[in-house]
Amino acid sequence: MSLFHDGVIEHVYPAFFKAMSHPDHVGVALSICMAGYVLGGSSYFQALFFGSAWAGLLYYCCHEIYHGYLTRRLSTDMADIQANYLGNPDSGFWVAEVDVDSQPKVVGIVAVKGERRVEEEERFDDWNGGAMGAGSEFVQDAGDGSFGELSHMVVVFPWRRKNLGSQLLRKALDFCKEQGYGRLVLDGSSPQTAAIALYQKLGFVQTSSHSNTHANRWISKLARINVMRMEKLI
């Protein structure tokens, strides 16, 4: 649970820096600092204060999106891993362990939730809790339309770039193949550049993208976070 928490919250700072560097936000920041300078009677402190307030607002927006996602998952599927994954033959949950001072330590996790039937006209994702329209370029499933949905892919920092993420992802793909799923899908956010690169390396392709999240529309707009759905045929 601690690893899952850290794996979600770690994306707040990359998302914040990405939002701050957006051309529109840079222009707003400069305008706000200038307004503070003028209103403060040529005060550099006032300019810095106004600029800091703008940066704080952007950080809050980014934090709200990831913290909200974390809270929702901790109260749903992650609230009972045994019932939702280990006790469900259509789903799976795996951990990667290493020995540290003769004690096992979890350094990676990945989960797959099986979806046996789904309507093509309406899809759902974990970020906005709502439907993604049929205009998205989803590939057609074979057979009964079943597929696996990958989530909770997390590897601790010291074990990244050591092929552990690839091993976990291949484990998920092997499980989907054994279950007879036609594809494996996942949702990732734009600040997760390293994870997205790994998915693409293993054959995943982006099929849709949107900026709607569970948060307030203005929070999503200011955070500039895009949610991307990626899929791989099995």
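**Packing of helices and sheet in a predicted model**

At 6% relative accessibility, Leu168 counts as buried (buried means under 20% relative accessible area, exposed over 50% and partly exposed in between, with a 1.4 Å probe and protein chains only). The model is predicted, so that local features need pLDDT of at least 70 and side-chain atom pairs count only at pLDDT 80 or more, whereas totals for chains, interfaces and linings use all residues. Residues are numbered from 1 along each chain as its sequence is written, and side-chain values use heavy atoms, with hydrogens and water left out.

Leu168 is located in helix 6; helices (H or I, at least four residues) and strands (E, at least two) are DSSP runs numbered from the N terminus. Not counting residues up to four places away in sequence, Leu168 touches Ala96, Gly108, Ile109, Val110, Met153, Val154 and Val155, where contact means heavy atoms within 4.5 Å. A distance of 9.2 Å separates the C-alpha atoms of Leu168 and Ala111, which are 57 residues apart along the chain.

The sheet is open and has six strands in the order 1-2-5-6-8-7, with mixed pairing; two strands pair if DSSP finds at least two bridges between them. Strand 1 (92-100) and strand 7 (205-210) stand at the edges with a single partner strand each, so one side of each lacks a neighbour in the sheet. From one strand to the next, the twist averages 25 degrees. Strand 6 (residues 183-189) is paired with strand 8 (residues 227-233) in the antiparallel sense over seven bridges, and Arg183 has Leu233 of strand 8 as its bridge partner. Helix 6 (residues 164-179) packs on this sheet and touches strand 1, strand 2 (103-115), strand 5 (147-155), strand 6 and strand 8. The direction of helix 6 makes about 160 degrees with that of strand 5; axes are lines fitted to C-alpha atoms, for helices over the stretch in contact, and angles run from 0 to 180 degrees between N-to-C directions.

Within strand 5 lies Ser151, which is buried at a relative accessible area of 7%. Its contacts, leaving aside neighbours within four places in sequence, are Arg73, Tyr85, Val110 and Ala111. Ile234, by contrast, belongs to the segment after strand 8 and is partly exposed, with a relative accessible area of 38%. With neighbours within four places in sequence again left aside, Ile234 is in contact with Leu173, Cys176, Lys177, Tyr181, Gly182, Arg183 and Leu184.

Two helix pairs involve helix 4. Helix 1 (residues 2-9) and helix 4 (residues 44-74) pack at about 155 degrees, with axes 9 Å apart. That makes helix 1 roughly antiparallel to helix 4 (angles under 35 degrees count as roughly parallel, over 145 as roughly antiparallel, 65 to 115 as roughly perpendicular and the rest as oblique). Phe4, His5, Val8 and Ile9 of helix 1 make the contact with Tyr66, His67, Tyr69, Leu70, Arg73 and Leu74 of helix 4. By class, this contact has seven nonpolar, two polar and one charged residues; Ala, Val, Leu, Ile, Met, Phe, Trp, Tyr, Cys and Pro count as nonpolar, Asp, Glu, Lys and Arg as charged, and the others, Gly among them, as polar.

Helix 3 (residues 23-39) packs against helix 4 at an angle of about 145 degrees, with the axes 7 Å apart. The contact of helix 3 with helix 4 divides into 12 nonpolar, four polar and no charged residues.
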